[in-house]
Amino acid sequence: MIVDDEVFNQIGLKMMMKTLDRFPSIVQLVDTADDGKISVEMAKKGLEKNYTYALILMDLSMPVMDGFEATELLRELYEGHQ
């Protein structure tokens, strides 16, 4: 998941991921969120379907919920899921 309030950054990171020769279809599997709160909600919904994110790229400075708070909540969420 890419979490960033700047759409340009989301697109740029997806384009960079396309260059990973070993994982050409990975971009189709990448979710994006515009702020930390949305990323936590997406992770919760994923866990309801028994799905976890293997990698989360988190911007630290965002509106609504910053990356620090979101990361803390995501860690608690995933630790409680084990």
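**Note on the predicted model**

1. Overall order. Read from the N terminus, the elements of the protein run β-α-β-α-β-α. That gives three helices and three strands. The model is predicted, not experimental.

2. The protein has 82 residues, and 28% of them count as buried. Its accessible surface comes to about 5900 Å². Carbon and sulfur atoms hold 55% of that surface. Take the contacts between residues at least 6 apart in sequence: 65% of them join residues at least 24 apart.

3. D4, the charge question. D4 sits in the loop between β1 (2-3) and α1. Which side chain of opposite charge is nearest to D4, and how far away is it? The nearest one is K14, 13 Å away. D4 is buried and has no salt bridge.

4. D4, the polar partners. What does the side chain of D4 meet instead? A polar atom of this side chain lies 2.8 Å from the backbone nitrogen of E6. The side chains of D4 and N9 are joined by a polar contact of 3.2 Å. Setting aside residues up to four places away in sequence, D4 touches N9, Q10, A33, D34, D59 and M62. Two other Asp residues, D34 and D59, are in that list.

5. Q10, on helix α1. Q10 lies in helix α1. Is Q10 buried or exposed? Q10 counts as buried because its relative accessibility is 7%, and the cut-off for buried is under 20%. Beyond its neighbours within four places in sequence, Q10 is in contact with I2, D4, T32, A33 and D34. D4 also touches A33 and D34.

6. I11 and a surface patch. I11 has its place in helix α1 (residues 7-18). At 45% relative accessibility, I11 is partly exposed. I11 belongs to a nonpolar patch on the surface, together with V7 and M15. The accessible area of V7, I11 and M15 together is about 290 Å².

7. A43, on helix α2. Helix α2 spans residues 36-48, and A43 is in it. What is the relative accessibility of A43? The value is 0%, so A43 counts as buried. Leaving aside neighbours within four places in sequence, A43 is in contact with Y53, L74, L77 and Y78. A43 and Y78 are 35 residues apart in sequence. In space they are 8.7 Å apart, C-alpha to C-alpha. Helix α3 covers residues 67-81, and L74, L77 and Y78 are contacts of A43.

8. N50, backbone check. N50 is not a glycine, yet has a positive phi of about 65°. The residue is in the loop between α2 and β3 (57-58). N50 counts as exposed because its relative accessibility is 65%.

9. V64, backbone check. V64 also has a positive phi, about 70°, and is not a glycine. V64 is found in the loop between β3 and α3 (67-81). With a relative accessible area of 66%, V64 is exposed.

Definitions and conventions: Residues numbered from 1 in each chain as written. Predicted model: local features only at pLDDT ≥ 70, side-chain atom pairs only at ≥ 80, totals over all residues. Heavy atoms only, no water. Patch = residues over 30% accessible without salt bridge, like charges linked within 9 Å, V, L, I, M, F, W, Y side chains within 5 Å. Areas by Shrake-Rupley, 256 points an atom, 1.4 Å probe, with all protein chains shown as cover. Salt bridge = Lys/Arg side-chain N within 4 Å of Asp/Glu carboxyl O. Helix = DSSP H or I, 4+ residues; strand = E, 2+ residues; numbered from the N terminus. Buried < 20%, exposed > 50% of the residue type's maximum accessible area, 1.4 Å probe, protein only. Contact = heavy atoms within 4.5 Å. Lys, Arg positive; Asp, Glu negative; His and termini not counted. Polar contact = N/O pair within 3.5 Å; in protein donor to acceptor, adjacent residues only side chain to side chain.
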